[in-house]
Amino acid sequence: TMLKVADNSGAKEIKCIGHVRKSVSRLGDIIRAVVKSARAGGRVSKKDIVAAVIVRMKGRHRRDDGTTIRFHENAAVLLKRDLSGPIATRVLGPVARELRQVS
Amino acid sequence: QVVKTDVCAYSGLRIYPGHGIFYVRADQKSFKFINRKSKSQFLQRLNPRKIAWTQLYRRMHKKGTMEERVGRRGGANARTTNKAVVGMTLDVIKAKRSQKPEVRAAAREAALREIKERNKAKQAAKKAEQ
């Protein structure tokens with residue numbers, strides 16, 4: 001799946017190429033991805049393989065209270081290689097509440 | 001126990017816990033919909049003011065039980081209560097209320113007569129001075 005990058009790391013779009021310990025990734029899950037397009041002079045460049053956490057998802061995500069949440073796009077934030085934190089300094093756009101537990 | 005409900009962003013109906021879809025748009029605006037019919041029409045950009053079954057339309061065209069509700073609200077607001085006023089305690093007011101009208105009228109007449117007599121006496125005194 002192609003995901004937009006919701007941070008200022010320099011990458012614009014990434015493509016999901018694998019999940020971490022899961023067959024399907026949902027909101028707040030970590031994925032392996034390859035950078036498909038990037039801004040010149042950013043912290044990552046095209047063809048880099050990165051880890052990312054999903055912050056927005058078009059598919060329905062069911063919360064514990066039974067309501068469903070849905071965003072209008074798929075988006076992720078790039079993570080450092082050891083998953084200790086984000087590569088970028090800013091996260092853009094709305095972010096799901098599920099991310100709190102991850103960070 | 002009060003159940004916390006939300007209002008559907010499109011139809012205006014109540015959303016009880018465990019129901020509904022929360023939709024977040026790119027500009028960070030979020031909308032709650034009661035069902036996918038509401039969400040679908042919202043995403044099709046259909047104006048809820050022109051769709052007959054939404055609350056917005058019904059409110060605009062004065063359909064259903066809206067007037068009833070307004071009436072009841074007005075009634076609740078118009079309720080009067082008895083309170084103590086400056087020189088009168090609640091007991092005094094109650095006692096006056098429970099008196100018979102004739103008794104009150106007689107008392108009022110007596111008071112008026114007394115005042116008139118007093119005034120007459122005053123005028124007479126003035127004339128006598130002149």
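Helices (H or I, at least four residues) and strands (E, at least two) are taken here as DSSP runs, numbered from the N terminus. The model is predicted, so that local features need pLDDT of at least 70 and side-chain atom pairs count only at pLDDT 80 or more, while totals for chains, interfaces and linings use all residues. Residues are numbered from 1 along each chain as its sequence is written, chains are lettered from A and ligands numbered from 1 in the order in which they are written, and side-chain values use heavy atoms, with hydrogens and water left out.

In chain B, B:Lys62 lies in the loop between H2 and helix H3 (66-77), and B:Arg45 lies in the loop between helix H1 (36-43) and helix H2 (55-60). Exposed means over 50% relative accessible area, buried under 20%, and partly exposed in between (1.4 Å probe, protein chains only); B:Arg45 counts as exposed because its relative accessibility is 74%, and B:Lys62 counts as exposed because its value is 64%.

In chain A, a closed barrel of 5 strands runs E1-E2-E3-E4-E7 with mixed pairing, where two strands pair if DSSP finds at least two bridges between them. The twist averages 55 degrees from one strand to the next, with axes being lines fitted to C-alpha atoms (for helices over the stretch in contact) and angles running from 0 to 180 degrees between N-to-C directions. Strand E2 (residues 11-19) and strand E3 (residues 30-38) of chain A are paired in the antiparallel sense over 7 bridges, and A:Ile14 stands opposite A:Val35 in E3 of chain A.
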